[in-house]
Amino acid sequence: MLSRRFFCTFAILISLPLIILVIAPRFFHPKHVQISLHDELDDITLFRRATLSSLHPQANNQQSLRPKIAFMFLTNSDMTFAPLWQNFFNGHENFYNIYIHCDPTIKIKPVGGVFQNRFIPGKKTERGSPTLISAERRLLATAIIDDPLNLYFALISQHCIPLHSFDYVYNAIFHPPSSFFFSFPFYKHLPQSFIEIKSQEDIMMERYNARGHNVMEPEVPFNMFQMGSQFFILTRKHALVVIKERRLWRKFRLPCLNFDSCYPEEHYFPTLLSMEDPNGCTRYTLTRVNWTDSVDGHPHTYGPSEISIDLIHTLRKSNSTYSFLFARKFSPECLRKLLDIADSVILRD
C-alpha cells in the first residue's frame with residue numbers, strides 16, 4: 001500500500017510540469033486578441049482571390065496606363081492627419097489608390113475627400129500581436145485585387161506624415177527610365193522593396209523565444225530570424241509573396257508567452273522577404289522614426305512645440321541614397337502647425 005501511494009505521488013510530481021506547460025497558456029495567455037478560425041478562413045479566401053486576380057490582370061489601352069502607388073493606412077484611431085494627406089494627394093488622382101484598415105471595434109470620426117469610401121473590411125487589431133500582420137496582409141490583398149496598376153504598396157500609420165510632395169515621392173519610389181511608363185507588365189522593371197531588415201540586435205534571442213524556447217524551429221531557424229520597421233514599401237512581386245505565404249505564418253501566429261518581447265509585426269515581413277528574396281530588398285525603410293527616447297516600445301512622439309522648418313529638413317536626411325519620404329510619430333495636436341508649413345516646406349521640393 002505504501003509503495004502504491006509513493007508511486008502515485010511520484011507520478012503526479014513528474015506529470016505536474018507537463019500539465020502546467022500544456023494548460024497554463026490557456027489560462028494566462030489571452031491577454032492579447034486571438035485570431036479566430038472564422039477570421040483566418042476569411043483571410044485565406046481573400047488571399048486566394050488576390051492571387052488569382054494577379055494571374056489575369058485587366059489591363060487595356062496599355063499606352064495610357066500609369067503605374068500607381070497603393071497607400072495603405074493602418075489605424076485604430078481618428079485619421080487626424082487626413083487634411084495634410086489630402087493636400088499631398090491633390091492633383092494626382094491617376095497615380096495612387098488609398099486603402100484604410102481600421103479596427104471595427106473603434107469608433108472614429110468620418111473622413112471625406114480622397115479618403116471617402118476607402119475603408120476596407122477590417123478585423124480587430126492589437127499592438128504586439130499577429131493581428132497586425134493579418135491587417136497588413138489584408139490591405140495588400142485588397143489593393144492587389146482592386147487595381148492591377150498598383151505596383152508599389154506603402155504601409156502608413158495614422159501617426160505618419162509625408163516629408164515631400166507627391167511628385168517627389170512618386171519619382172523616388174519608381175525612379176524609372178524614360179521608356180518605363182510605356183511597358184507592361186511594369187513589375188519586370190521594378191527596383192527593390194524598401195523594407196528594413198536587421199539581424200544583429202541584442203534583443204533578437206529574447207524576441208525569437210517569445211513564444212517559447214525554439215518554438216519557431218524548424219521553419220524559422222534563429223540565424224534567419226530578422227527584425228525591422230513595421231512600415232514598408234513593397235513591390236507587387238513581394239506583396240504577392242506575402243499573401244501566398246502559409247508556412248512561416250503558422251509560427252508567427254502562435255500566442256506569445258513573453259509579452260514584453262512579443263512584436264511579431266516587426267519580424268514577420270523582414271524574416272519572410274529576407275528568406276525568399278534577400279537581393280530584392282533594400283534592407284532599409286523610407287519612414288523616419290526617432291527611437292532616442294522611446295517609451296514602452298513606442299518611438300518619440302513629436303509635439304507642436306517641436307514642429308519647425310528645420311525639423312522637416314532634419315527628418316528628410318538619411319544614410320541611404322534616398323531621402324526619407326515619411327516620418328512618425330506625431331501627436332494630433334501637431335496638425336495645425338504642420339498645415340501652416342505644408343505648402344511652403346513639406347510639399348515643396
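Predicted model: local features only at pLDDT ≥ 70, side-chain atom pairs only at ≥ 80, totals over all residues.

Which residue lies over the face of Y99, and how far is it from the ring centre?

Guide: That's R118, sitting 5.0 Å from the centre of the Y99 ring.

Numbering runs from 1 along each chain as its sequence is written, and side-chain values use heavy atoms, with hydrogens and water left out.

Now ring against ring. Phe, Tyr and Trp rings (for Trp, the six-membered one) pair if their centres lie within 6.5 Å; planes under 30 degrees apart are stacked, over 60 edge-to-face, and the rest tilted. That gives 31 aromatic pairs. One of them is F71 with F89, edge-to-face at 5.0 Å centre to centre and 80° between the planes. F71 is in strand β1 and F89 in helix α3, so the pair ties together parts 18 residues apart in sequence. (Helices, H or I of at least four residues, and strands, E of at least two, are DSSP runs numbered from the N terminus.) Both F71 and F89 are buried, meaning under 20% relative accessible area with a 1.4 Å probe, protein chains only; over 50% is exposed, and in between is partly exposed. W85 and F88 make another edge-to-face pair, at 5.2 Å and 80°. They're three residues apart in α3, about one turn of the helix, and W85 is buried at 2%, as is F88 at 2%.

Helix α9 (residues 268-276) is mostly covered too, with seven of its nine residues buried, L273 among them. Those buried residues pack against several elements, including α4, β5 and β6. In β6 you'll find L234, buried at 0%. Its contacts (heavy atoms within 4.5 Å), skipping residues up to four places away in sequence, include L273, F153 and S193. L234 and S193 are 41 residues apart in sequence, but 4.6 Å apart C-alpha to C-alpha.

Last, R328 in strand β9. R328 is buried yet has no salt bridge, and the nearest oppositely charged side chain, E266, is 7.1 Å away. (A salt bridge puts a Lys or Arg side-chain nitrogen within 4 Å of an Asp or Glu carboxyl oxygen; Lys and Arg count as positive, Asp and Glu as negative, with His and chain ends not counted.) Leaving aside neighbours within four places in sequence, R328 touches H159, F231 and Y302, among others.

How values were computed
Lys NZ or Arg CZ within 6 Å of the ring centre and 35° of its normal.
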